[in-house]
Amino acid sequence: MKRIASIAFGWLVAITAAHLSLNVDWNVVRERRLPIAKRKLNVAYIPVT
Amino acid sequence: MFQGFPEIKEALMSNKMQAGFMVAPMAIALRAQGVPIKIVYLGHRYGSAVVVAKNGPIHTFADLRGRTIAIPSRYSDERLIVFKALKQHGMSGKDVKMVEMAPPDVAGALAADAIDAFSMGEPYPSQAEMAGFGRVLFHAREYWPDYISCVLVVRQDVIDHRPEAVQVLVDGIARSGLWLDNPPRRQARREHAADFVGRYYFRQNPALLRWALTKPLDRVLYQPLTPLRKDFAVIVDLMRETGVLDRPIAFEEYVDPQFAERAKHETEWRYEPGDATAQ
């Protein structure tokens with residue numbers, strides 16, 4: 001029982017870590033914590049002149 | 001860097017991007033739908049063309065009847081210019097088939113005969129010309145003097161809370177435009193700009209951008225970039241006429257001219273090809 005619980009816990013930790021690394025944009029999270037005046041202004045463009 | 005205007009629209013609406021360049025009718029339509037953005041400056045003037053296959057059967061505008069023309073979006077000046085030309089030749093929207101296509105895909109589609117023509121901003125007309133399979137049927141300015149395509153839009157919350165950052169952005173564009181369009185140095189500066197923008201920003205062959213910026217030198221112009229009421233009135237009228245804007249909209253509702261007004265006093269960047277920094 002203890003072994004199953006530790007495998008499940010390990011799986012949960014691995015999946016959570018994978019999610020946090022693949023699906024969360026940490027730059028955006030960091031940016032949102034900054035005061036408005038210090039945030040970066042992101043400018044979108046497509047490669048046309 | 002994005003590959004299409006609809007993606008830029010989504011990024012602005014979700015606040016992932018706070019400013020962006022997009023086709024003017026899309027910005028006006030978004031504002032009319034209540035999206036909190038404003039046009040603060042232009043990206044350039046001219047620089048759009050209708051391109052056909054070099055050795056194909058289309059030689060005059062009338063030959064476009066019944067043909068398929070790719071456009072970047074139904075909310076684009078490239079679509080409106082086709083309508084303007086159709087009207088001038090006694091034709092209507094029913095005489096051609098317009099399909100939306102991401103700008104980077106149009107030259108390949110023309111080469112593969114998937115479309116008969118495309119109406120697009122540079123450097124895609126240049127790409128088709130340079131590769132030898134495309135021919136410019138007409139440049140937008142031939143039917144539309146003072147033609148505008150891309151505009152700079154900024155989210156209203158950024159305008160309200162960070163006007164100084166918006167001003168820095170607009171001033172930088174104004175200075176770049178003056179730098180690129182300085183008559184005696186235009187050729188050398190445009191060639192230099194093509195090199196570094198191609199390599200470091202657009203990830204495109206610098207030779208392609210060199211073609212777009214110098215053949216001829218006024219193919220795309222970077223001043224005047226102040227949004228003018230009379231230019232936008234033409235766009236709004238055409239949008240209403242072609243069914244992509246369902247209500248009249250006042251200039252003040254979609255343009256905030258304060259940043260362009262202040263940028264009028266700017267001078268070109270002090271920078272020559274080879275300098276380490278610009279001032």
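**Close-up 1. Five strands of chain B form an open sheet in this predicted model.** The strand order is β6-β5-β7-β4-β8. The pairing is mixed. Which strands lie at the edges? They are β6 (97–100) and β8 (134–139) of chain B. Each of these two pairs on one side only. Neighbouring strands of the sheet are turned against each other by 30° on average, direction ignored.

**Close-up 2. Strands β4 and β7 of chain B run antiparallel.** β4 covers residues 48–53, and β7 covers residues 117–121. How many bridges join them? There are 5. To find your place in this pair, look for B:V50: it stands opposite B:S119 in β7(B).

**Close-up 3. Helix α3 of chain B packs on the sheet.** The helix spans residues 77–88. It touches β4, β5 (68–71), β6 and β7 of chain B. The direction of α3 makes about 130° with that of β7(B).

**Close-up 4. Helix α1 of chain B has buried residues on one side.** The helix runs from residue 5 to 13. B:F5, B:I8, B:K9 and B:L12 are buried. Why do they share a side of α1(B)? They cover an arc of only 105° around the axis, so they sit on the same side. An α-helix has 3.6 residues a turn, so residues three or four places apart point the same way.

Close-up 5. After α1(B) comes B:N15. The phi of B:N15 is positive, near 70°.

Note on methods: Residues numbered from 1 in each chain as written. Chains lettered and ligands numbered in written order. Predicted model: local features only at pLDDT ≥ 70, side-chain atom pairs only at ≥ 80, totals over all residues. Buried ≥ 20, exposed ≤ 12 C-beta atoms within 10 Å, placed from the backbone. Helix = DSSP H or I, 4+ residues; strand = E, 2+ residues; numbered from the N terminus. Arc of directions from axis to C-beta. Pairing = 2+ DSSP bridges. Axes fitted to C-alpha atoms, helices over the stretch in contact; angles between N-to-C directions. Contact = placed C-beta atoms within 7 Å.
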